[in-house]
Amino acid sequence: MNKVALVTGSSRGIGKAIAKILLDNGYIVYISGRNEKQVNNTILEFNNQNAKPLIIDLSLEDNLKNSLSDIFLTESRIDLVVCNIGSGKSKLGLDADLQEYKRMFDINFFSGVMASLHSIEYMKQYGGHIVFIGSIAGCEHIGAPLTYSSAKTALISYSKNLSYEVAKYKVRVNCISPGNVMFDGSTWDNKKKEDDKKVEDYIKNNVPLNSFAIPEDIAKAVLFLEQSDFITGTNIVVDGGQIRKII
Ligand SMILES: NC(=O)c1ccc[n+]([C@@H]2O[C@H](COP(=O)([O-])OP(=O)(O)OC[C@H]3O[C@@H](n4cnc5c(N)ncnc54)[C@H](OP(=O)(O)O)[C@@H]3O)[C@@H](O)[C@H]2O)c1
């Protein structure tokens, strides 16, 4: 029987690569995004009958609840939910006011909390796996916006603590924290177009493996976690060696 996965925010970037690796490994995958054209183009590109469209804003709780209910009614199971929606675009340093913190926590923290809490209701019956996409900005100080860093730290903490609460239902919970990920149209792609030398110097001076990650690097970590039945409550850092903490 095919496993069933929802990857929130999977019409482009990291989520798209995660959806692709799952499809290649026999999963039925719901490809989500708000932009209908982008979701449909991604599904056309995948050319796989197990790729199913979910064109909806998943940061809204009712949409999320209804989508999970529809998936369960159609597939009779939900095995994996990858909570990938997030954005680092915010005001730097002290420029962010409380409203901006709330906006960034909605995108980067509460979207994951909602997706996990509602999917656990289905997974409780027969087990499952939740994977959060964090960031190295949530693991240590790298000069990212405070709004983003603190929301991702909260997400990593939530992931660890949640894993204890749901282990009794055979639900595993893990997190992956990417470093700097490059793909067409990404934040890093735009920064590079603005100032190529500054970005290259940043990578050279901060990333021991001296390159960007590509979305497939993150996707491989998701597949690894899926195939690792005894791993729960962990945070896998995929950053070319950038962060300096030892434990
Ligand atoms: N890129 C990096 O260097 C990097 C590094 C560390 C961590 N991360 C984390 O990795 C995750 C993915 O990043 P990314 O760079 O791949 O993002 P991205 O390029 O902005 O892609 C986001 C995806 O999510 C969809 N999306 C956004 N908001 C949505 C919503 N409310 N409902 C449904 N779909 C939504 C987008 O489609 P629509 O816009 O059409 O909805 C798109 O498919 C984020 O959590 C980010 O914080 C990224």
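# Helix packing, sheet and ligand shell

α1 passes α8 in a right-handed crossing (right-handed if the near helix is turned clockwise from the far one by less than a right angle, left-handed if anticlockwise). This is a predicted model: local features need pLDDT of at least 70, side-chain atom pairs count only at pLDDT 80 or more, and totals for chains, interfaces and linings use all residues. Residues are numbered from 1 along each chain as its sequence is written. Helices (H or I, at least four residues) and strands (E, at least two) are DSSP runs, numbered from the N terminus.

**α1 against α8**

- The axes of α1 and helix α8 (residues 215-226) lie 8 Å apart, at an angle of about 50° (axes are lines fitted to C-alpha atoms, for helices over the stretch in contact; angles run from 0 to 180 degrees between N-to-C directions).
- That angle makes α1 oblique to α8 (under 35 degrees counts as roughly parallel, over 145 as roughly antiparallel, 65 to 115 as roughly perpendicular and the rest as oblique).
- On α1, the contact uses G13, I14, K16, A17, I18, K20 and I21; on α8, it uses P215, E216, I218, A219, K220, V222 and L223 (contact: C-beta atoms, placed from the backbone, within 7 Å).
- Nine nonpolar, one polar and four charged residues form this contact of α1 with α8 (Ala, Val, Leu, Ile, Met, Phe, Trp, Tyr, Cys and Pro count as nonpolar, Asp, Glu, Lys and Arg as charged, and the others, Gly among them, as polar).

**α4 against α5**

- Helix α4 (residues 98-123) packs on helix α5 (residues 146-166) at about 20°, with axes 8 Å apart.
- α4 and α5 are therefore roughly parallel to each other.
- The crossing of α4 past α5 is right-handed.
- Residues of α4 that meet α5 include Y101, F105, F109 and V113; those of α5 include Y148, L155, Y158 and L162.
- The contact of α4 with α5 has 13 nonpolar, four polar and two charged residues.

**Sheet**

- Seven strands form an open sheet in the order β3-β2-β1-β4-β5-β6-β7, with parallel pairing (strands pair if DSSP finds at least two bridges between them).
- β3 (51-55) and β7 (235-238) are the edge strands, each pairing on one side only.
- From one strand to the next, the twist averages 20°.
- Strand β6 (residues 171-178) runs parallel to β7, joined by four bridges.
- I176 has I236 in β7 as its bridge partner.
- Helix α3 (residues 61-75) lies across β1 (4-7), β2 and β3, at about 160° to β1.

**Ligand shell**

- The ligand has 28 residues around it, of which G9, G13, G33, N35 and G86 come nearest (near: C-beta atom, placed from the backbone, within 6 Å).
- α1 (13-24), β2 (28-33) and α6 (187-194) each supply at least two shell residues.
- α1 gives the largest share, three residues.
- By class, the shell has seven nonpolar, 18 polar and three charged residues.

Note on methods. Two residues are in contact if their C-beta atoms, placed from the backbone, lie within 7 Å.
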